[in-house]
Amino acid sequence: MNNEGACCAVSRDAYLILCHDNPAQVNALARYLVDGGHEVFIHIDAACCMHDAVQSGPHIHLLERTVAVRWGGWEMVQAMLLLMRAALATGGPYRYMHLLSGQCLPAKPRRCMENMLEKAAAEGKQFIELHRLPAPERWDGQGGSFRMKVWYPRCMVSKYDASHKFFWRYTNMWLRLGLKRPGYRLFAPYYGGAQWWSLTAECVRAICDYDRRHPLMRFFFRNTFCSDEHYLHTCLARAGFAPAATGDAARFICWPTPNAASPRLLCRHDWAALRSSPCLFARKFCLSPRECEEYFSWLEKE
């Protein structure tokens, strides 16, 4: 199913960006990527008010169809699939597709990034964190399998909803009673990992094809918790690309504590560490236009 051992002649990539804030940084990122000869596809959260502030262009595509993304909800998967299909519809051809947020920035200068991706493409590598569930080394709560066992009403999933305060009481009730959703065994095994990835265009096409051919599985995942960390991973594994997964999304992220809900913002003193890391991208940033200019200028210095 993958191109391991075959060199990829295509050096143009597609960058898929999910954003909801800081349009100046999103614009700076998109311009930097386009200047490197790549295509950029942007999904702007339908619930935010920045549509007029994000710039489009010949190689910067703003999705017309968007969704209002809820933290931990199925809408995040919908947004990712819209970006993936929009990129595939252009015909490419693309070497890799990279899922980024508007708070991500490259961690390597262009020439270094090109060398890393060219070598990875020749080996058929898929940069994605991939665990077969249960994975107790990655998640608490039965190794993360509770996310699929329990049926979650949409009003309880997002940490920003009032009903989320009952999340663990509700989850533990299901687990104590030994309940499992109808269809849980039907769609097992499940896989998961971090939301962000860099996948070959062939792999992305296989995921989209699998999603299209299995509407019942898609329906099942609508009421799972944090489906963005499981659904595409499960599709990828079932499409035959698990052996090519690196197990690492190649993202530089700093967590303030092991169980923190969100990574901390990266500051100037982190720049040297992220550039010397083996990662392709880093998150999270929240930079002003001047700081964006300084960062990209610093990044491209020999």
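Helices (H or I, at least four residues) and strands (E, at least two) are DSSP runs, numbered from the N terminus. This is a predicted model, in which local features need pLDDT of at least 70 and side-chain atom pairs count only at pLDDT 80 or more, while totals for chains, interfaces and linings use all residues. Residues are numbered from 1 along each chain as its sequence is written, and side-chain values use heavy atoms, with hydrogens and water left out.

**View 1. Helix H2, residues 74-89.** The 16 residues of H2 span 23 Å from the first C-alpha to the last, close to the expected 22 Å (1.5 Å times one less than the number of residues). Of these 16 residues, 12 are buried, so H2 is largely enclosed by the rest of the structure. Buried means under 20% relative accessible area, exposed over 50%, and partly exposed in between (1.4 Å probe, protein chains only). Among the buried residues of H2 are Trp74, Met76, Met80, Leu83 and Leu88. After H2 comes Gly91, which has a positive phi, near 90°.

**View 2. The largest nonpolar core.** A nonpolar core is a set of buried Ala, Val, Leu, Ile, Met, Phe, Trp, Tyr and Cys residues joined through side-chain atoms within 4.5 Å. H2 gives the most, with 11 residues. Apart from this core lies another, of 43 residues, among them Leu29, Val40, Ile42 and Leu287.

**View 3. Phe127 in the loop between helix H3 (110-122) and strand S6 (131-132).** Phe127 has a relative accessible area of 14% and is buried. Its contacts (heavy atoms within 4.5 Å), not counting residues up to four places away in sequence, include Tyr96, Leu117, Trp197, Asp248 and Leu280. Ala107 is 20 residues from Phe127 along the chain, and their C-alpha atoms are separated by 15 Å.

**View 4. The open sheet S5-S10-S9.** The three strands of this sheet have mixed pairing; two strands pair if DSSP finds at least two bridges between them. Strand S5 (104-106) and strand S9 (251-252) stand at the edges with a single partner strand each, so one side of each has no neighbour in the sheet. S9 and strand S10 (residues 281-283) run parallel and are joined by two bridges. Phe252 stands opposite Ala282 in S10.

**View 5. Salt bridges around Arg95.** A salt bridge is a side-chain nitrogen of Lys or Arg within 4 Å of a carboxyl oxygen of Asp or Glu. The whole structure has 15 salt bridges. Arg95 meets Asp13 in one of them (3.0 Å, N to O). This pair links distant parts of the chain, 82 residues apart, with Arg95 in the loop between H2 and S4 and Asp13 in the segment before S1. Arg95 is buried at 2% relative accessible area, and Asp13 is buried at 0%. Arg95 also meets Glu114 (3.0 Å, N to O). Glu114 lies in helix H3, so this pair ties together parts that are 19 residues apart in sequence. Glu114 is partly exposed at 26%. Asp13, Arg95, Glu114 and Glu118 are linked in a network of salt bridges.

View 6. The side chains of Arg290 and Glu294 form a salt bridge (2.6 Å, N to O). Arg290 is exposed, at 53% relative accessible area, whereas Glu294 is partly exposed, at 26%.
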